[in-house]
Amino acid sequence: GGEEGEGFHGEGYQEGYAEGSHLGVVEGRRYGSLHGAKMGSEIGCYLGFALTWQCLLQKCADEKNSKKRRALDSLIGMIQKFPYEDPTYDKLQEDLEKIRGKFKQVCSMLNIQSDFRIGTERSSLTF
């Protein structure tokens, strides 16, 4: 009966493999959600910021503010198109950099210090 011994070995291997790949998925998901959450909260802050300013600027519709509004609109558009639900998207980092750049541009148009870093490691406490 050499065959049944082999079958058993195969089953054990499959179980081990299934468990291992399950652990891999769990770890990967935890890692991904950790980084995704960080990215999500950063982008969420930008969006909240942009929407707030969009509302503020709607009240004063002069020529000077239309430029700022256009910049905000394009920032909001970039954020809304950003596929942060898709971890396989290969330009994730690139697009994130573009959004950060746009955010800085908007901040300087609004005369706001854009170096208030939102929840990223660089924010060291300075008094």
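**Figure 1. Overall fold and confidence of the predicted model.** The protein averages a pLDDT of 79, and 81% of its residues score at least 70; pLDDT is the predictor's confidence in each residue, on a scale from 0 to 100. This is a predicted model, in which local features need pLDDT of at least 70 and side-chain atom pairs count only at pLDDT 80 or more, while totals for chains, interfaces and linings use all residues. Residues are numbered from 1 along each chain as its sequence is written, and side-chain values use heavy atoms, with hydrogens and water left out. The protein has 3 helices and 0 strands, arranged along the sequence in the pattern α-α-α. Helices (H or I, at least four residues) and strands (E, at least two) are DSSP runs, numbered from the N terminus. Confidence is lowest in helix α1 (residues 2-58), with a mean of 79, and highest in α3, with 92. Over residues 119-125 pLDDT stays under 50, and the model has 4 contacts beyond four places in sequence for this stretch. Where pLDDT is low, the predicted coordinates should not be read in detail.

Figure 2. Of the 127 residues of the protein, 24% count as buried. Buried means under 20% relative accessible area, exposed means over 50%, and partly exposed lies in between (1.4 Å probe, protein chains only). The accessible surface comes to about 9,500 Å², of which 56% belongs to carbon and sulfur atoms; these areas come from the Shrake-Rupley method with a 1.4 Å probe, and for residues only the protein chains shown count as cover. A contact means heavy atoms within 4.5 Å. Among contacts between residues at least 6 apart in sequence, 61% join residues at least 24 apart.

Figure 3. UniProt lists residues 12-50, in an unreviewed entry, as "domain: Essential protein Yae1 N-terminal". UniProt positions are given in the numbering used here, feature names are shortened, and annotations may be inferred rather than shown by experiment. Over residues 12-50 the chain is 100% helix and 0% strand, and the end C-alpha atoms are 55 Å apart.

Figure 4. The structure holds 2 aromatic pairs. Y46 and F103 form a stacked pair, with 4.3 Å from centre to centre and 25° between the planes. This pair links distant parts of the chain, since Y46 belongs to helix α1 and F103 to helix α3, 57 residues apart. Y46 is buried, with a relative accessible area of 3%, and F103 also counts as buried, at 3% relative accessibility. The rings of F49 and F103 have centres 4.9 Å apart and planes at 75°, so this pair is edge-to-face. F49 in helix α1 and F103 in helix α3 are 54 residues apart, and their pair likewise links distant parts of the chain. F49 is buried, with a relative accessible area of 13%. Together, Y46, F49 and F103 form one aromatic cluster. Rings of Phe, Tyr and Trp (its six-membered ring) pair if their centres lie within 6.5 Å; planes under 30 degrees apart count as stacked, over 60 as edge-to-face and the rest as tilted.

**Figure 5. The nonpolar core and the contacts of I99.** The largest nonpolar core has 19 residues, and those with the most contacts inside it are I43, L75, F82, I99 and V106. The elements that give two or more residues to this core are α1, α2 (63-81) and α3. A nonpolar core is a set of buried Ala, Val, Leu, Ile, Met, Phe, Trp, Tyr and Cys residues joined through side-chain atoms within 4.5 Å. Leaving aside neighbours within four places in sequence, I99 is in contact with I43, Y46, L75, M78, I79 and F82.

**Figure 6. The buried residue D95 in helix α3.** D95 is found in helix α3 (residues 92-109) and is buried, with a relative accessible area of 17%. Apart from neighbours within four places in sequence, D95 is in contact with F82 and Y89.

Figure 7. M109 is found in helix α3 and counts as partly exposed, at 25% relative accessibility. Not counting residues up to four places away in sequence, M109 touches K67, K68 and A71. The C-alpha atoms of M109 and L72 are separated by 9.9 Å, although these residues are 37 residues apart along the chain. N111 lies in the segment after α3 and is exposed, with a relative accessible area of 70%. The phi angle of N111 is near 55°, a positive value in a residue other than glycine.
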